[in-house]
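Dear colleague,

I am handing over the structure below, and after it you will find what came out of going through it. Please read the notes alongside the model itself.

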Amino acid sequence: MDIPQLASRMRFVLCEPAHPGNIGSAARAIKTMGFRDLRVVAPREPGYRTHEEAVAYATSSVDVLEASRMHDTLAEALEGVTFAWALTGYDREFGPPMSPLRPAAERSVAWLDEVEGDIAFVFGTERSGMTNEEVMLCQGCAAIAADPASPSLNLAQAVQITAYEMHMALMAAEGHEGELYDWQSRFEHEQPASVEAVEGFFRHWEEAMTACGVHDPANPKFLMPITRRLFGRSGLTQTEIDLLRGICAAIIRPKRERKGSKTGA
């Protein structure tokens, strides 16, 4: 599974950010979700791309930070955008209609399929959020559901949540809802151990449990049936069998006793 192609038509716009670190964190936030287009409107620090704090917070996403575009006005940053969402925690009397973030992301995916141009999510300055004038330049408002006792998110946190919701919506549209990328399942492709190998382990396990006094072959009770049920659920691989048999060998004869006596048996 690859990053959805439509991700290239998503913009994340920061209006008048005061702290370079938040810009760097925003760059990292969008890149982890497969996006690259970061726009910055009238930042307090015009040299944010090379600012020590921004670079440190961007970590492996310095390329997105360096490639970000700086604009004098929000209107300039929205050129070529078909629909812009204002990220705001509450609706405005004369602003565009409000939507929860998740449905907004889903609608954005549908628009990307149907119309030309980009879709943008716009974020306000850290202290006060988006101004009414900035909201009026957008076609919709989107809000992140938050506890009313503490409804204010850090700028980079809001960008991360928004990028995640948009990423999930894009994946669902491509038929990958609920899936992970291949690199996140690195160990799921190992072949299960053969029946012969598993049975060899069980014999070794029984010998080890007998050696340490846990198991009495004359009065076996339920140790081996429970052991089979326990390891049967896990779907042992050959690597795991090798590890467990190494433990069994150490129980039967500690390493200090085996030193210098290894044979080819």
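The C-alpha centres of domain 1 and domain 2 lie 54 Å apart, where domain 1 covers residues 5-181 and domain 2 covers residues 195-257, with bounds that come from an automatic or database domain assignment. Please keep in mind that this is a predicted model, in which local features need pLDDT of at least 70 and side-chain atom pairs count only at pLDDT 80 or more, while totals for chains, interfaces and linings use all residues. Residues are numbered from 1 along each chain as its sequence is written, and side-chain values use heavy atoms, with hydrogens and water left out.

Ala18 belongs to the loop between β1 (10-15) and α1 (20-32), helices (H or I, at least four residues) and strands (E, at least two) being DSSP runs numbered from the N terminus. Ala18 counts as buried because its relative accessibility is 14%, where buried means under 20% relative accessible area, exposed over 50% and partly exposed in between (1.4 Å probe, protein chains only).

The loop between β1 and α1 also holds Glu16, whose phi is near 50°, a positive value in a residue other than glycine. Glu16 has a relative accessible area of 44% and is therefore partly exposed. A second case is Ala42, which is not a glycine either and has a positive phi of about 45°; Ala42 sits in the loop between β2 (37-41) and α2 (52-58). With a relative accessible area of 33%, Ala42 is likewise partly exposed. As background to both cases, most residues other than glycine have a negative phi.

From the UniProt record, an unreviewed entry, comes the feature "domain: tRNA/rRNA methyltransferase SpoU type" at residues 10-164; UniProt positions are given in the numbering used here, feature names are shortened, and annotations may be inferred rather than shown by experiment. Over residues 10-164 the chain is 38% helix and 22% strand, and the end C-alpha atoms are 12 Å apart.

How many of the seven residues of strand β4 are buried? Six of them are, so that β4 (residues 81-87) is mostly covered. This strand pairs with β6 (residues 118-123) in the parallel sense over six bridges, two strands being paired if DSSP finds at least two bridges between them, and Ala84 has Ala120 in β6 as its bridge partner. Strand β4 is also joined to β7 (residues 140-143) by three bridges, again in a parallel run, and here the bridge partner of Ala86 is Cys141.

Helix α7 (residues 155-173) contains Val159, which is buried, its relative accessible area being 0%. The C-alpha atoms of Val159 and Ala29 are separated by 6.6 Å, although the two residues are 130 apart along the chain.

Finally, there is a nonpolar surface patch of about 260 Å², made by Leu243, Ile247 and Ile251. Patches are made of residues with over 30% relative accessible area and no salt bridge, with like charges joined within 9 Å and nonpolar side chains (Val, Leu, Ile, Met, Phe, Trp, Tyr) within 5 Å; a salt bridge is a side-chain nitrogen of Lys or Arg within 4 Å of a carboxyl oxygen of Asp or Glu. Accessible areas come from the Shrake-Rupley method with a 1.4 Å probe, and for residues only the protein chains shown count as cover. Leu243 lies in helix α10 (residues 238-252) and counts as exposed because its relative accessibility is 57%.

With best regards
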